[in-house]
Amino acid sequence: MERATFISQAKTDKVKRLNKVSQTFGYFLVWACGIGAIAVVFWIIGYVLNQGFQVINYEFLFTRPAGGVSGEGGISTTIVSTVYLVVLTLVIATPLGVGAGVYLVEYAGDAVKESKLVAFLVQVARTGVEILAGVPSIVFGLFGFALFVLYLRFGFSLLSASLSGAALVLPTIIRTSEEALLTVPRSYREGSLSLGATRWHTIFNVILPTALPGIVTGIVLSVGRIIAETAIFWVTLGGSFYLPQSVMHSGRSLALHVYMLASETRAFDKAMGTAAILIITIILLNLSINLISRRLTARISGTR
Amino acid sequence: MTPYQDQSMKKPLVVEIFTKVLAGLLGAVGLAAVLLAFYLLTAQNLPTVLQQESLLEFSNGYYALASFVVAGLVSMAARGLWRYRNWARMLLLSGLIIFILYYFITIIFMILSTIFAGLTLVPILSILRVVGMGLLFFLMYAGLPLVLVYLLLRVDQYFIESNRQREFIEVTVRYVLLGTALSAIIVVILIFVFTLTEAWDSIQTIGLDTMLLGTIWRPGSIIGTDRAQFGLIPMIVGTILSTFGAVIIGVPLSIGTAILLAEVAPPAVREVFRPAVELLAGIPSVVYGLFGMVVLAPLIRQIDLPRNTGFGLLNASIILAVMIIPTVTSIAEDAFRAVPREYKEGSLALGGTHWQTIIRTILPAAKSGILAGIILGIGRALGETMAMIMVIGNSIALPRPLTNNPLTLFLNTARTLTGNIAVEINYAAGAHRSALFFTGVLLFLMILLVNSVARLLLRSRKEA
């Protein structure tokens, strides 16, 4: 009897030690993975920024690319083209996206009860958002190329590019607006409606301002996606390095410039400089999203 | 309740004068427009100013018609304004704002095209001069409208709206918003219609089986001869192999990181790690491609084998792996967090160590969520375009191992479905272009399938 307990005691000790070792090993593995992932982040960003800052100066930022295979010149026109592209895309996508979000959150519930047709349309609209969110960007590019560039004869232009880009960011804006509108407390709506405001007045003057930070987050996310997107603009924007004079002119976004420098010229240093500008912009956008969401949570927890 | 119950509201004299004068001016503009229309209809020898540089050849009749429409709108607004109707105020406001925006955009274009368009630096003084002139120009044209907008916004409370008008606005807004809600599905339908109609030609002339089973892609000889071939197998293989490589490299790393963030790491570490990993998702794909070209390609070239260029499937897989890390990590982490507390507590209470709990309890419980994350990552890898063009080498042949060792397959160059489209679409024509659109349709269907599997998994987990 005594002997048996002794053996099992030794066994459990051994198992415990083994468990301890395997736990340490597991922790080590997991930490290695995490640190590996972070190292990759810092390696890529650090390398690009380090190489990029060697060519960034005033001249690089304020003169246009010289063209040709040497890849000489700066990136001024590509910065301005990117800004035009972002603004125009958002002008198209934001009203559609926010409007869709408002309808799906504020009106869809009642409308579904009223008629079968509207209920069906709402279902279809939701499915549409889900499908659109999964479409790969080159397919958006093909679509823009077929519809805007060829069929509507807009050619390679800012207009074609921003219409295709708007299709890309539409699901992002719809989803974030929906989420933002859902966080607005019911009592706000009831209070405004009971004061005699109409539904549209309530939405425009009470609900949208309350949901604004969330909606802005969606818009900033979309800005990031447009800046980072290349494949769509490669087949719809053309690639002219001159400054576009109107929305019907071709242009070149920053990301497109990186691609063209890397694939058509030997100017890898200039490409790195442009990539560094892109990365800095993306980091700033991410920081601003964090700032907005932190302020948002502070405000929500403050009112409660 | 009368429709205009607060008609009797007392208005200050200033408001009274401002509104009536504005209405009078508008009426005058309307009258002028009518006169212009009649003049356009009757005059024989028109000044040529009206016909210069127009996109379409408009005759005088069209201009007269436009004048009549403008006159109608303006005089309606004038009458409404005279009677303090809110809709008239809104109409006027939107017209003014469009006018101001037009000049604003013109000025911005002007300023930017002087500062940024040159091959040399523009001196600071001339920048200041351009900006100053732009501002002056803007004030000259949009100054008065700006003041009017401000005043019209100030007199808000004296304008009235009937219940019927309110009802009308409500209903209009509801239908307009329904229209915006349908925009996404309309875009989806347009995508289907346009890619399919463009691809239909290739299905007709080349044939579905030839494209899906053919192993040779040779569009170059399309002109004149019938020897052009459009087999998509090399690209399908390239896409599958590079995605497979990305999963092999990226998924273990992502799941490890997710376990670290969800279970092991202290909050302070999490605060640093999570935004850093999320940053990976935002970095443009061309930057990854550039990194692959400049840094990874020379590293891979160190493996001393014949025909090893550094560009190819291995490079592409590594780049793709980095790109799917944020997707897989964040969804896997969510899945770990969604495991009920009781599972963990039960395992710990039975004497399991923390690590045993993670491996034997939390990991199996979060299985479907992790799988969904991996599948979404695959979806992202399948759709990646620009980075792939830059690092995979873009050869149109079916990738084969470089030596007898089958693993050297990954050192060979290849081409993905996405890359196939992007490389050739800008100059393709005829059946070739149509075949590229078919490539897009194929890719779209693949990703649709992958994403719906992931969505099913996530939904079943939510319901469970």
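**A chat about two chains**

Modeller: Let's start in chain B, where Y84(B) sits in the loop between α2 (60–82) and α3 (86–115). Helices here are DSSP runs of H or I with at least four residues, strands are runs of E with at least two, and both are numbered from the N terminus.

Colleague: What is the phi of Y84(B)?

Modeller: Y84(B) has a positive phi of about 55 degrees, although it is not a glycine. Most residues other than glycine have a negative phi.

Colleague: Is Y84(B) buried or exposed?

Modeller: Y84(B) is buried, with 20 other C-beta atoms within 10 Å. A residue counts as buried if 20 or more other C-beta atoms lie within 10 Å of its own, as exposed if 12 or fewer do, and as partly exposed in between, with C-beta atoms placed from the backbone.

Colleague: And where is R153(A)?

Modeller: R153(A) is in the loop between α5 (137–151) and α6 (158–182) of chain A. R153(A) also has a positive phi, about 60 degrees, and is not a glycine. R153(A) is exposed, with 8 other C-beta atoms within 10 Å.

Colleague: Before we go on, what kind of model is this?

Modeller: This is a predicted model, where local features need pLDDT of at least 70 and side-chain atom pairs count only at pLDDT 80 or more, while totals for chains, interfaces and linings use all residues. Residues are numbered from 1 along each chain as its sequence is written, and chains are lettered from A and ligands numbered from 1 in the order in which they are written.

Colleague: Thanks! How many residues of chain A are in contact with chain B?

Modeller: 86 residues of chain A are in contact with 78 residues of chain B; contact means that the C-beta atoms, placed from the backbone, lie within 7 Å. Helix α1 (residues 2–52) of chain A gives the most to the side of chain A that touches chain B, with 18 residues.

Colleague: New topic: how many helices are there in chain B?

Modeller: Chain B has 17 helices, along with two strands. Its C-alpha trace spans about 90 × 75 × 55 Å along the principal axes. Of the 464 residues of chain B, 37% count as buried.

Colleague: Last one: how many residues of α10 in chain A are buried?

Modeller: Nine of the 11 residues of helix α10 (residues 254–264) are buried, so the helix is mostly covered. Among the buried ones are H257(A), Y259(A) and M260(A).

Key: Contact = placed C-beta atoms within 7 Å.
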